[in-house]
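Work through the exercises below with the structure in view. Try each task before reading its solution.

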Amino acid sequence: AVNRIPLVAGNWKMNFNHLEATYFVQKFAWLLRDAHVDPRTCEVALMPSFTSIRSVQVLVEADDLPIKYGAQSVSVTSQGAFTGDVSADMLAALGCSYVIVGHSERRKYHPEDDANIVDQVRAVLAAGMRPILCVGESYEERKQGIELDFAVGQVRDVTRDLSVEEATKLLIAYEPVWAIGTGMVATPQSAQDAAKAIRDDIRETFGDETATSLRILYGGSVTSKNASQLITQPDVDGFLVGGASLHAEELAKIVRLV
Ligand code: PEP
């Protein structure tokens, strides 16, 4: 992670209403302050449900907290008759910095295919935010030994039509599906291998500058027990944390280790 500011992003998934989110942020901000966390050396972000983003914004802005925030998905359209959708401009207006795109749970439970994911990436970029593109193999692909090709292929499918300028704003989260929410974390070496394969491929397509500045997160059962080994890997630039991000002490501990 030389010259790249690591990011620890908490993906709350469908947890915490706005009152619970408020309580969390107050406690978490206190823990970060106590640990002297400096946003110049480690960025911290929370990804609440849509209904809690405004509450997080109010707290962050009121106290100028060293916490960024974003959403877990976004509509591919900008406005209109799309009942139930939330646009990228609406998220940007709430001060969101990041939007998770293509999380495996969205790919599984919603019709989010590559074409839709590409459009989400474009919508996020057009609204001035940064997409965190999630990729990663299932247990099946790992068993076949094709996990690196699979993850790199997913990145390629989504990034192939992006300009260098757009690609430079992207973050990628390598999240092997078998590791998400299972307690089975990837070994530091396999997280490194995947992050390196992705970075090498981005270098081939978009050039050295984009590849060198690209932040690649690892996600999948990250806790304070495994974070320090994972973060020593040269191509791992932080974490997307699910389950462990629901506990303020645990998330603050992970931030401290990064
Ligand atoms: C996630 O869903 O992005 C994730 C990494 O979940 P968990 O940390 O719970 O495995």
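**Exercises on the binding site**

UniProt, in an unreviewed entry, places the feature "binding site" at N11, W12, K13, G181, S221, G242 and G243. These positions span 233 residues in sequence, yet no two of their C-alpha atoms are more than 13.8 Å apart, so they gather at one spot. UniProt positions follow the numbering used here, feature names are shortened, and annotations may be inferred rather than shown by experiment.

The model is predicted: local features need pLDDT of at least 70, side-chain atom pairs count only at pLDDT 80 or more, and totals for chains, interfaces and linings use all residues. Residues are numbered from 1 along each chain as its sequence is written.

**Exercise 1.** Locate W12 and decide whether W12 is buried or exposed.

*Solution.* Start with the position. W12 sits in the loop between strand 1 (7-11) and helix 1 (18-34). Helices (H or I, at least four residues) and strands (E, at least two) are DSSP runs, numbered from the N terminus. Next, count neighbours. W12 has 21 C-beta neighbours inside 10 Å, so W12 counts as buried. The cut-offs are 20 or more other C-beta atoms within 10 Å for buried, 12 or fewer for exposed, and partly exposed in between, with C-beta atoms placed from the backbone.

**Exercise 2.** Do likewise for G242, then find which residues G242 touches.

*Solution.* G242 lies in the loop between strand 8 (238-241) and helix 12 (248-257). G242 is buried, because 22 other C-beta atoms lie within 10 Å. Now the contacts (C-beta atoms, placed from the backbone, within 7 Å). Leaving out residues up to four places away in sequence, G242 touches N11, K13, I180 and G181.

Conventions: Two residues are in contact if their C-beta atoms, placed from the backbone, lie within 7 Å.
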